[in-house]
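Here are some notes for a colleague who is opening this structure without having seen it before.

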Amino acid sequence: MASIYHFVATLLLLCFSFIDLSSSELVQEQPLVLKYHNGPLLKGKITVNVIWYGKFTPIQRSIIVDFINSLNSNNAARPSTSSWWKTTENYKGGRSALAVGKQILLESYPLGKSLKNPHLTALASKFNGVNTINVILTAKDVAVEGFCMRCGTHGSSRVGRSPVRGTYIWVGNSETQCPGQCAWPFHQPIYGPQTPPLVAPNGDVGVDGMIINLATLLGNTVTNPFNNGYFQGPANAPLEAVSACTGMFGSGSYPGYPGNVLVEKSTGASYNANGINGRKYLLPAMWDPRTSSCKAVV
């Protein structure tokens, strides 16, 4: 199982924020290379099923569903979510076309409000199928094992009794639990420079933070679905397509500074990608195998 160790990665990055980035004496940074480990990737048409665990408002659900459906839509102004997702085509195998499939609302917390890792795989098993990603989204009042040390995770599990494995993602709403780790830069970080947080593009710090983590995990899942795709480092704690670019959202980013992004004049909200239905999102940079570098939308 591969996870976003968002808190740990951000802390390590922020530890170096005291460096004078303008110094000409800095050693030239070596290219970042994610090795391909010869495993299968998720390509072609991929169905994304969503399990809503706990209470989400209809607006919160629509923000996230619109994001997923925006990834392969040409109906948004540029820079767009689809132009961000297009970088996945540079990985072996070509295009990954995502579309929302089935959804389940579990507003009665059938497994309680404190979930362990086995609960996540049990929830993911509610949908079976090849070329699917089952996304579990937990509400702000749901505690999940390891939450805050990780803001989400992705993994795979066997489909029924067959040898075929399906993929799943978990992302939690961090609004009331650890926004400084999992909703940055829409909340001040726990460590590092205490710069003013950015205004969330959809007016919801928790859900806009979930979008960042969901985007990260979708990119990681299609390029490393079974721990033998693209990654750097150990397979049980890898740097993957998007997690390798933690904290980068625009040009000129450095530890503690998300980079130059766009600002909506009427609201002051920060974003870097347009989605369908007039949505705006802030998406992390993704590693581009063609240039061996982290590529931001703007």
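1. Please keep in mind that the model is a predicted one.

2. The partner of C151 is C182, and the disulfide between them has an S to S distance of 2.1 Å. C151 sits in the loop between β7 and β8 while C182 belongs to helix α5, so the bond ties together parts that are 31 residues apart in sequence. The torsion about the S-S bond is -80 degrees, and the link of C151 and C182 is left-handed. C182 is buried as well, at 1% relative accessibility.

3. How many disulfides does the structure hold? There are 3. With the bonded cysteines of the chain numbered in sequence order, they pair as 1-3, 2-4, 5-6.

4. Another disulfide runs from C148 to C178, with 2.3 Å from S to S. C148 is found in the loop between β7 (143-144) and β8 (152-158), and C178 in the loop between β9 (165-172) and α5 (179-182), so parts 30 residues apart in sequence are tied together. Its S-S torsion is about -95 degrees, so the disulfide of C148 and C178 is left-handed. C148 counts as buried at 17% relative accessibility, and C178 counts as buried at 2%.

5. The disulfide of C245 and C294 has an S to S distance of 2.1 Å. Which parts of the chain does it tie together? C245 lies in the loop between β10 (230-231) and β11 (262-263), whereas C294 lies in strand β16 (residues 293-295), so the linked parts are 49 residues apart in sequence. About the S-S bond of C245 and C294 the torsion is about -90 degrees, so this disulfide is left-handed.

6. Are C245 and C294 buried or partly exposed? C245 is buried, with a relative accessible area of 0%. C294 counts as partly exposed, because its relative accessibility is 25% and partly exposed begins where buried, under 20%, ends.

7. Turning to charged pairs, the count comes to 5 salt bridges. One of them joins D66 and R279, whose closest N and O atoms are 3.1 Å apart. D66 and R279 are both buried.

8. K113 and D141 form a salt bridge too, with 3.3 Å between the closest N and O atoms. This pair links distant parts of the chain, 28 residues apart: K113 is in the loop between β4 (96-106) and β5 (114-115), and D141 in the loop between β6 (132-138) and β7. D141 is partly exposed, with a relative accessible area of 36%, and K113 is partly exposed, with 43%.

9. K86 forms a salt bridge with E89, and here the closest N and O atoms are 3.4 Å apart. What is the accessibility of these two residues? K86 counts as partly exposed at 48% relative accessibility, and E89 is partly exposed with a relative accessible area of 29%.

Technical notes
Residues are numbered from 1 along each chain as its sequence is written. This is a predicted model: local features need pLDDT of at least 70, side-chain atom pairs count only at pLDDT 80 or more; totals for chains, interfaces and linings use all residues. Side-chain values use heavy atoms; hydrogens and water are left out. A disulfide is a pair of cysteine sulfur atoms within 2.5 Å. Helices (H or I, at least four residues) and strands (E, at least two) are DSSP runs, numbered from the N terminus. Buried means under 20% relative accessible area, exposed over 50%, partly exposed in between (1.4 Å probe, protein chains only). A salt bridge is a side-chain nitrogen of Lys or Arg within 4 Å of a carboxyl oxygen of Asp or Glu.
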